[in-house]
Amino acid sequence: MRFSYILIAFYLSINAPVLMAQNKSKGVVYIDENQNGTRYRGEKGLADVLVSNGSSVVQTDKQGRWELPCNDDTGLFVIKPHGYSLPVNAFGSPVHYYLHKPNGSPNLAVPGVEPTGPLPASIDFGLLPQQQSDTFSILVFSDTQARGIKEVNYVSHDVVEECIGTEAVFGITLGDIVADDPNLFDQVSKSTAQIGIPWYYAFGNHDNNRDAIEMEHCDETFERFFGPSTYAFEYGKVSFIVLRDIMFYEPGKYKSEYTSTQLEFVKNYLDYLPED
């Protein structure tokens, strides 16, 4: 079987914290037959699906069960396999993740993630079987970089409207969704959602919380809307790996780097993929 790898790291970023085994998260990947986002008795677990905490990667057992360590700032996500689809949220973004932040994000001018409370007894990811061709098209946006609602309208009228009715199976924005104002994630993503296909997002240097004191908190608002800024998914025997590589060292200044945690994630993920 031929399997392609696509590494997306253009204007992206994440400085993921080191994951310490303070807690054990666990759950089930299952077929969400009634498409309500909650697992009910009789909904079958899926074996051999990959789940990650941004560093370690595990494969579900015959009943679809998985278990991973996590700390108090962990994004847990399922790596959607070929032949399945995910539910999407109000912003058209696939819901492939659970953010464990019991205390929520730090106090920021633009809010991040609300407190998630204690770790759930089971974190379940529902998938739906979907026929997928080995040949497909996607839409790729980069640097929409909307500054104010006027430029959000430019994106809507000059770009989004032209894409409605596309034959692409999903889309992805390769960073700089907004121009240093995460408040606009809501308007930009809801506009893009009108295209009517699942839409993934990568983190750019202009998508950060500018008042975040520590580097790992620069993407808190991004996480609230789109989930972890490092993740992966598969479609049509192609693997897409999205990495945040923007590291801020002083106001307005950044370098493009990967963390050891991210590289560990890539290594662990590739261990499950065929070499070709």
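Author: Start with residue classes: Ala, Val, Leu, Ile, Met, Phe, Trp, Tyr, Cys and Pro count as nonpolar, Asp, Glu, Lys and Arg as charged, and the others, Gly among them, as polar. By that rule, the lining of the second largest pocket has 12 nonpolar, 5 polar and 1 charged residues. The model is predicted: local features need pLDDT of at least 70, side-chain atom pairs count only at pLDDT 80 or more, and totals for chains, interfaces and linings use all residues. Residues are numbered from 1 along each chain as its sequence is written, and side-chain values use heavy atoms, without hydrogens and water.

Reader: Why is glutamine 145 called partly exposed?

Author: Buried means under 20% relative accessible area, exposed over 50%, partly exposed in between (1.4 Å probe, protein chains only). Glutamine 145 has 22% relative accessibility, so it counts as partly exposed. Glutamine 145 sits in the loop between strand 10 and helix 1 (149-163). Helices (H or I, at least four residues) and strands (E, at least two) are DSSP runs, numbered from the N terminus.

Reader: What makes aspartate 180 partly exposed?

Author: Its relative accessibility is 24%, so aspartate 180 counts as partly exposed. Aspartate 180 lies in the loop between strand 11 and helix 2 (185-192).

Reader: How do you know that strand 11 and strand 12 pair?

Author: Two strands pair if DSSP finds at least two bridges between them. Strand 11 (residues 170-174) and strand 12 have 4 bridges, in the parallel sense. Threonine 173 has tyrosine 201 of strand 12 as its bridge partner.
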